[in-house]
Amino acid sequence: FSVTTPITMIYLRPAVIITTALLCSAALGQQNDDKTCTSPSAECDDTNLETIRLGLEWFTNPDHLPLIVAQKHGIFTSFGLDVQLIEPSDHWEAEEEILAGRLDVAVTEPLHLAQDAAKGKPVLGFSRFLHTDGGVLYDAGKGDITRPADMCGKTISYPGSPGPGGPAIVNTMVKADGKSDCDITSYKKHNGSFFHTDALQSNHADVATLIFWNFEIPEAKAKGMKDAAFFSLKEWGVPDFCQLVLMTTPSHFDKRKDVLRKLVLAMRRATGIVHQQPDLAREYYYQHVNKEDASETQQAVIDATFTATLPAFPNDNMMSTEYYEHLMGWLVETDQVDGKAGEEVSVSTYWTNEISW
């Protein structure tokens with residue numbers, strides 16, 4: 001999941017760095033339940049806040065709602081944290097940014113975490129905060145695709161084209177639908193970047209992946225694809241990696257474990273507000289993305305994507321070893337990572353539940 005249309009980029013860039021300390025005074029003035037500092041220091045003034053530079057996955061969107069609520073509601077400050085949300089100007093290699101001292105934590109997907117681990121990169125995921133649905137986008141209104149098997153030999157738009165990722169996802173679904181004779185080389189490839197809807201509407205591709213249903217489906221419909229539909233990973237044989245996790249490097253985790261635990265707990269408290277006070281969460285989000293300044297179409301996208309994303313934040317931040325073993329097995333089976341490297345890397349080297357309980 002990443003940038004998909006110009007609409008997205010217009011309304012979802014309020015600032016590159018949003019500092020908790022700048023927001024906390026107003027938020028705490030309105031909210032009485034988050035005034036207590038839970039940091040080891042006696043006071044929670046700016047001089048005692050622990051800074052965490054957190055890289056978002058591309059751009060601010062409803063998937064980051066717990067982070068936005070935690071800022072607006074003063075939760076980060078109550079935990080003694082100054083969390084800076086940083087939007088990348090381009091898709092970065094998060095672990096390199098952390099090693100270079102420009103980030104402390106980054107948002108990523110389990111898929112990328114496993115792929116990076118198989119490449120020997122120093123990555124460690126430690127908390128899952130979003131779990132949605134998603135997979136392969138298609139236009140049901142055209143009538144030529146009604147089931148996954150119909151995708152055999154079609155043109156796929158995906159950001160990593162001409163790499164193996166797009167055909168691996170689509171062909172796994174095709175096989176799961178009973179068509180076992182579809183040649184993996186029969187698929188045509190299009191690199192429409194993350195502009196999935198545009199790729200289909202311009203007829204450059206028949207299907208597009210990977211999409212998150214809570215974002216791309218409402219967005220596609222707002223752009224005129226009234227019969228936008230998708231085949232879900234979880235229903236058609238592909239490991240369910242439509243999730244977002246926090247990651248850092250193993251060395252950084254060891255150095256700042258206590259601070260990162262506070263980050264997990266603060267986001268968990270914010271998740272409670274999202275579920276229990278959705279109107280308040282909506283108010284915070286609309287302020288954050290300057291909804292009032294958006295066009296009518298953009299406002300419709302903001303409304304629809306926010307509503308669709310509300311149920312996607314789990315209370316349980318842990319992930320199982322078996323999940324990552326299955327994901328890595330699929331990556332090896334579909335030739336997306338080196339077989340020997342994928343089999344030899346231990347899940348414990350790139351995922352931990354030590355502070356996510």
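Modeller: Let us begin with contacts: two residues are in contact when heavy atoms lie within 4.5 Å. Please bear in mind that this model is predicted.

Colleague: Which residues of H9 meet H13?

Modeller: From H9, Trp-213, Asn-214, Phe-215, Pro-218 and Ala-222 take part, and they meet Thr-297, Val-301, Ala-304, Thr-305, Ala-308 and Thr-309 of H13.

Colleague: How are the axes of H9 and H13 placed?

Modeller: Helix H9 spans residues 213-222 and helix H13 residues 296-309; their axes come within 8 Å and cross at roughly 150 degrees. Angles over 145 degrees count as roughly antiparallel, so H9 is roughly antiparallel to H13. The crossing of the two helices is right-handed.

Colleague: Is Val-289 buried or exposed?

Modeller: A residue counts as buried under 20% relative accessible area. Val-289 has 2% relative accessibility and is therefore buried. Its place is the loop between helix H12 (278-288) and H13. Val-289 also shows how sequence and space can be read together: Pro-62 is 227 residues away from Val-289 in sequence, with 9.8 Å from C-alpha to C-alpha.

Colleague: What does Thr-352 touch?

Modeller: Leaving aside residues up to four places away in sequence, Thr-352 touches Leu-124, Gly-125, Phe-126 and Phe-253. Thr-352 lies in the segment after helix H15 (339-344) and is buried, at a relative accessible area of 15%. The side chain of Thr-352 also reaches the backbone nitrogen of Glu-354, at 3.0 Å.

Definitions and conventions
Residues numbered from 1 in each chain as written. Predicted model: local features only at pLDDT ≥ 70, side-chain atom pairs only at ≥ 80, totals over all residues. Heavy atoms only, no water. Axes fitted to C-alpha atoms, helices over the stretch in contact; angles between N-to-C directions. Helix = DSSP H or I, 4+ residues; strand = E, 2+ residues; numbered from the N terminus. Parallel < 35°, antiparallel > 145°, perpendicular 65-115°, else oblique. Left-handed = near helix turned anticlockwise from the far one by under 90°. Buried < 20%, exposed > 50% of the residue type's maximum accessible area, 1.4 Å probe, protein only. Polar contact = N/O pair within 3.5 Å; in protein donor to acceptor, adjacent residues only side chain to side chain.
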